[in-house]
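Dear colleague,

Please find below the structure that I am handing over to you. My notes on what was found in it follow directly after.

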Amino acid sequence: MIAAAVSAPAIARAQTAWPTKPIRWIVNFPPAGAADIMSRALAEWFGTKLGQPIVVENKPGAGGMLGADIVAKAHSDTHIVMISSAASHGIGPVLYKDVPYDPLADFTHIHLVGTFPSVLAVNAASPVMSVKELVDMARAKPGEINYGSGGNGTMNHLVGQLLMRETGVPFTHIPYRGSAPAMNDLLSGQITALMESLPTAIGYFTSKRMRPLAVSEAERAPTLPDTPTFREAGFPEVVATNWFGFSAPAGIPPELAKRWEVEIAAALQSDQIKGHFDRIGIRPGTLGSEAYTALIRSELARWREVIRVGNIRAD
């Protein structure tokens with residue numbers, strides 16, 4: 001925090017001509033999802049500090065890859081940024097063929113923004129009280145029990161695939177264009193279960209409209225202390241973390257990338273952003289540019305192997 005406070009003025013003086021126009025902030029998922037929630041909180045923070053408005057644009061599609069491609073093609077543009085994610089930069093590039101960008105070479109990855117688990121949930125009216133009961137139901141009715149997610153190639157999709165791989169039970173995956181329609185269908189009884197991001201679903205859990213069965217991280221979520229991990233529920237191979245970061249196109253000046261890194265770190269350490277994230281179950285990111293880029297590289301390797309061994313395909 002002290003380093004950020006000391007270095008920021010010097011960096012700001014070196015970039016006095018920037019920004020010269022509104023900054024486009026690409027959210028590669030629909031409104032009201034985790035990426036949108038984080039982006040709008042941070043955009044509000046920066047909107048008061050940079051002297052130019054930040055325009056948040058939702059560009060969903062193809063598991064986040066449509067929005068990512070917009071930024072990848074804006075090489076060296078200093079007025080466009082995005083929320084990169086496990087879907088667009090860790091899973092999609094190794095799950096799909098003909099991805100139109102390189103998840104490393106076409107971007108300047110600046111900082112990890114936040115992490116949180118996926119949650120397997122059912123309608124509160126469902127008789128299913130545990131992951132084991134859901135698996136047993138699916139085993140008794142092969143192909144009849146489904147789970148929804150906010151889209152093909154998302155972390156929530158892949159966590160469901162990890163559960164299928166470990167149990168050998170053929171759940172049917174129902175992909176949606178975002179979280180909102182998936183949750184609506186769970187509430188209306190159109191789907192049996194839902195794999196959803198904690199920040200998006202937390203309100204449905206607190207209002208008792210949905211019941212969480214398990215979370216995907218190695219430890220329980222502080223905002224769902226009574227909900228077991230998949231490991232605790234008897235499925236030790238189902239461990240994964242949703243991650244989102246802040247990225248810009250490749251080719252931006254190094255001093256601007258450093259300024260963004262300092263500013264993002266300061267925002268994530270602020271009481272305003274930490275308080276907002278804590279309420280919805282997001283852990284603020286602590287990885288700067290080098291470490292966040294290394295995380296993306298390691299996640300690409302991990303999911304490439306998971307997809308190969310499990311013969312997982314996009315629906």
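The largest cavity in this predicted model has a lining of 20 residues, and F29, T154, N156, S197 and F244 lie nearest its centre. A cavity here is a set of points, on a 1 Å grid over the protein atoms alone, where a 1.4 Å probe fits but cannot get out, and lining residues have an atom within 4 Å of a point. The space in the largest cavity comes to about 230 Å³; a volume is the space filled by probe spheres set on the points, which are joined across faces, edges and corners. Two or more lining residues come from each of helix 2, helix 4 (86–95), helix 6 (155–167), strand 8 (193–197) and strand 10 (242–249). Helices (H or I, at least four residues) and strands (E, at least two) are DSSP runs, numbered from the N terminus. Strand 10 gives the most to this lining, with three residues. By class, the lining has nine nonpolar, 10 polar and one charged residues, where Ala, Val, Leu, Ile, Met, Phe, Trp, Tyr, Cys and Pro count as nonpolar, Asp, Glu, Lys and Arg as charged, and the others, Gly among them, as polar.

As to the basis of these values, the model is predicted, so local features need pLDDT of at least 70 and side-chain atom pairs count only at pLDDT 80 or more, while totals for chains, interfaces and linings use all residues. Residues are numbered from 1 along each chain as its sequence is written, and side-chain values use heavy atoms, with hydrogens and water left out.

The search of the whole structure finds two cavities of 30 Å³ or more.

Helix 4, one of the elements that line the largest cavity, is mostly covered, with 10 of its 10 residues buried. Buried means under 20% relative accessible area, exposed over 50%, and partly exposed in between (1.4 Å probe, protein chains only). These buried residues pack against helix 3 (65–72), strand 3 (80–85), strand 4 (107–116), helix 6, strand 10 and helix 11 (289–310).

S118 lies in strand 5 (residues 118–123) and counts as buried because its relative accessibility is 0%. Its side chain makes polar contacts with the side chains of N156 (2.5 Å) and N242 (2.9 Å). A polar contact is a pair of N or O atoms within 3.5 Å; within protein, one must be able to donate a hydrogen and the other to accept it, and residues adjacent in sequence count only if both atoms are side-chain atoms.

V215, in strand 9 (residues 210–215), is buried, with a relative accessible area of 1%. Leaving aside neighbours within four places in sequence, V215 is in contact (heavy atoms within 4.5 Å) with residues including P117, S118 and V119.

The largest nonpolar core has 53 residues, of which W25, F46, M210 and W260 touch the most other members. Helix 2 (residues 34–47) gives the most to this core, with eight residues. Apart from it lies another core, of 38 residues, among them M164, A193, F235 and I307. A nonpolar core is a set of buried Ala, Val, Leu, Ile, Met, Phe, Trp, Tyr and Cys residues joined through side-chain atoms within 4.5 Å.

With kind regards

Technical notes
On a 1 Å grid over the protein atoms alone, a cavity is a set of points where a 1.4 Å probe fits but cannot get out, and a pocket is an open set with protein on both sides within 12 Å along at least five of seven lines; lining residues have an atom within 4 Å of a point.
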